[in-house]
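Here is a short tour of one chain, put together for someone who likes cut-offs spelled out. Have a look at the fold first, then read on.

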Amino acid sequence: MRYLAVLFATLVLAGCSKAPVTRSESQAVSPTVVQFLLTAAASDFHNHRPPDPVRFRDVRLGHFMTPSGEEQYMLCGQFLPAQEGGKAEWTPFATIKTSGYEQWIGAQAAGFCQRSSVIWDKEGDLSTSLQSRLDSLR
């Protein structure tokens with residue numbers, strides 16, 4: 001009878017525990033968030049030149065949990081700046097959705113995008129979408 005009580009208590013506790021979320025789980029991101037970040041990134045590149053991006057690559061959407069438990073979304077990728085003479089190098093950028101947005105370029109952007117706590121969306125590469133959005137502003 002004692003074993004039955006222990007088994008029952010174990011099952012109740014196991015049933016009440018919350019399964020941890022793994023990094024591979026990703027919920028669908030609102031299209032509004034995706035469009036906001038694409039527009040914010042393109043507008044920022046257009047309004048704050050130089051550098052003037054010629055191309056984008058590896059642009060992807062991800063999020064991380066803030067200390068208050070909210071999801072904070074960001075767009076990460078690399079751009080190739082226009083270069084007169086010499087060879088241009090791919091530069092990382094991050095556009096983070098805050099109460100508005102923040103855009104980071106270079107090593108600081110790489111730091112945001114390389115965090116182990118970032119959960120990447122399965123949407124795929126958004127380079128073409130960002131390039132189109134920037135081209136429409138020119």
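## A salt bridge to start with

Which side chain meets that of Asp52 in a salt bridge? Arg138 does, at 3.2 Å from N to O; a salt bridge here is a side-chain nitrogen of Lys or Arg within 4 Å of a carboxyl oxygen of Asp or Glu. The pair ties together distant parts of the chain, with Asp52 in the loop between α2 and β1 (53-65) and Arg138 in the segment after α4, 86 residues apart.

Arg138 also has a salt bridge with Asp135, this one at 3.4 Å from N to O. The structure holds two salt bridges, and Asp52, Asp135 and Arg138 are linked in a network of them. What about exposure? Asp52 has 25% relative accessibility, so it counts as partly exposed. Asp135 counts as partly exposed because its value is 40%, and Arg138 gets that label at 46%. For these labels, buried means under 20% relative accessible area, exposed means over 50%, and partly exposed lies in between, using a 1.4 Å probe and protein chains only.

## Where the model comes from

This is a predicted model, in which local features need pLDDT of at least 70 and side-chain atom pairs count only at pLDDT 80 or more, while totals for chains, interfaces and linings use all residues. Residues are numbered from 1 along each chain as its sequence is written, and side-chain values use heavy atoms, with hydrogens and water left out.

## The overall layout

The protein chain has four helices and five strands, running α-α-β-β-β-β-α-β-α from the N terminus on. Helices (H or I, at least four residues) and strands (E, at least two) are DSSP runs, numbered from the N terminus.

Of the 138 residues in the protein chain, 34% count as buried. Take the contacts (heavy atoms within 4.5 Å) between residues at least 6 apart in sequence: 59% of them join residues at least 24 apart.

## How α2 meets α4

Two packed helices are described by the angle between their axes and the distance between the axes. For helix α2 (residues 31-47) and helix α4 (residues 127-137), the axes come within 9 Å and cross at roughly 50°. That makes α2 oblique to α4. The axes are lines fitted to C-alpha atoms, for helices over the stretch in contact, and angles run from 0 to 180 degrees between N-to-C directions. Under 35 degrees counts as roughly parallel, over 145 as roughly antiparallel, 65 to 115 as roughly perpendicular, and the rest as oblique.

On the α2 side, the residues in contact include Leu38, Ala42 and Phe45; on the α4 side, they include Leu130, Arg133 and Leu137. By class, the contact of α2 with α4 has seven nonpolar, five polar and one charged residues. Ala, Val, Leu, Ile, Met, Phe, Trp, Tyr, Cys and Pro count as nonpolar, Asp, Glu, Lys and Arg as charged, and the others, Gly among them, as polar.

Asp58 lies in strand β1. Its phi is positive, about 55°, although Asp58 is not a glycine. With 48% relative accessibility, Asp58 counts as partly exposed.

Glu123 sits in the loop between β5 (119-120) and α4, and is partly exposed at 43% relative accessibility. Glu123 and Gly62 are 61 residues apart in sequence, and 9.5 Å apart in space from C-alpha to C-alpha.
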